[in-house]
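Welcome! Have a look at the structure below, and then read on for a short tour, arranged by topic.

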Amino acid sequence: SFFWLAMMNATSFFAHSIFEPHSPSFKFWVKLDVICTGLSSLNLSFGCLCALLWEKSSRRKDRFLYNALNEKCLTINICLFSVFIKIGLNSWAWQAETLYMLNIVIASVFGLMTFLKRLQRNGTSFKEKFFITASISSAAIFPIAIHMDIGSCLIFGDLRLGTLQVAFFACDMAFFFIFCWIWAVQQIL
């Protein structure tokens, strides 16, 4: 998930900072940006699913599924990338929303389930609780950011602090705290 997040940031730099809007290069880089965003979200879902299965790994069926997902991660990513390239390079209405917003919603649900499960465990460390709370709080900013355009125009007279800037900053912060949470869990294991 972190690899695809880095790729999303790299491709979005080209799409939104280098090329003129509506040029063929701009459209290509925007599509790659959308594809990487969708793959990052799907991988976050897979990671959360593995974490949930790890909690139940005493059951043989769950352990098998956990090992299968974990061992096939690279293969799954190559297949998903191929599918997303095929889908992502064909244009249709709501393409971006289909490729990344739906996956973000799915990842959010799995992430919340994973976090709530960890919080219910006995012996959850203060670090874990802090990073889980910080990640959820950061992610909660994303839907609130929809209203930032009006406030930014009123305060600054332009979109200096608009929806996109606040929403992507919130996502970056959520990923940062997820990374810190993973580090905190690894310290325990």
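## A first tour of the model

In helix α1, the buried residues are Trp4, Leu5, Met8, Thr11, Ser12 and Ala15. Please keep in mind that this is a predicted model. The points below begin with that helix and then move on to a salt bridge, a residue in another helix, a surface patch and the cysteines.

**Helix α1**

- Helix α1 covers residues 2-18, which makes 17 residues.
- From its first C-alpha to its last, α1 reaches 23 Å, close to the 24 Å expected at 1.5 Å a residue.

**The salt bridge**

- How many salt bridges does the structure hold? There is one.
- The partners are Glu128 and Arg118, and their closest N and O atoms are 2.9 Å apart.
- Glu128 belongs to helix α6 (residues 126-144) and Arg118 to helix α5 (residues 95-120), so the pair ties together parts that are 10 residues apart in sequence.
- Is Glu128 buried or exposed? Glu128 is buried, with a relative accessible area of 0%.
- Arg118 also counts as buried, at 9% relative accessibility.

**Thr114 in helix α5**

- Helix α5 is also the place of Thr114, which counts as buried at 3% relative accessibility.
- Which residues does Thr114 touch, leaving aside its neighbours within four places in sequence? Thr114 is in contact with Cys48, Ala51, Leu52 and Trp181.

- Ile150, Leu154, Ile155, Phe156 and Leu161 make a nonpolar surface patch of about 550 Å².
- Ile150, one of these residues, lies in helix α7 (residues 148-156).
- Ile150 counts as exposed, with 59% relative accessibility.

**Cysteines**

- How many disulfides are there? The count comes to zero, where a disulfide needs a pair of cysteine sulfur atoms within 2.5 Å.
- Cys171 is partly exposed, its relative accessible area being 21%.
- Cys180 counts as buried, at 13% relative accessibility.
- The cut-off explains these two labels, because buried means under 20% relative accessible area and exposed means over 50%, with partly exposed in between.

Terms used
Residues numbered from 1 in each chain as written. Predicted model: local features only at pLDDT ≥ 70, side-chain atom pairs only at ≥ 80, totals over all residues. Heavy atoms only, no water. Salt bridge = Lys/Arg side-chain N within 4 Å of Asp/Glu carboxyl O. Helix = DSSP H or I, 4+ residues; strand = E, 2+ residues; numbered from the N terminus. Buried < 20%, exposed > 50% of the residue type's maximum accessible area, 1.4 Å probe, protein only. Patch = residues over 30% accessible without salt bridge, like charges linked within 9 Å, V, L, I, M, F, W, Y side chains within 5 Å. Areas by Shrake-Rupley, 256 points an atom, 1.4 Å probe, with all protein chains shown as cover. Contact = heavy atoms within 4.5 Å. Expected span 1.5 Å × (residues − 1).
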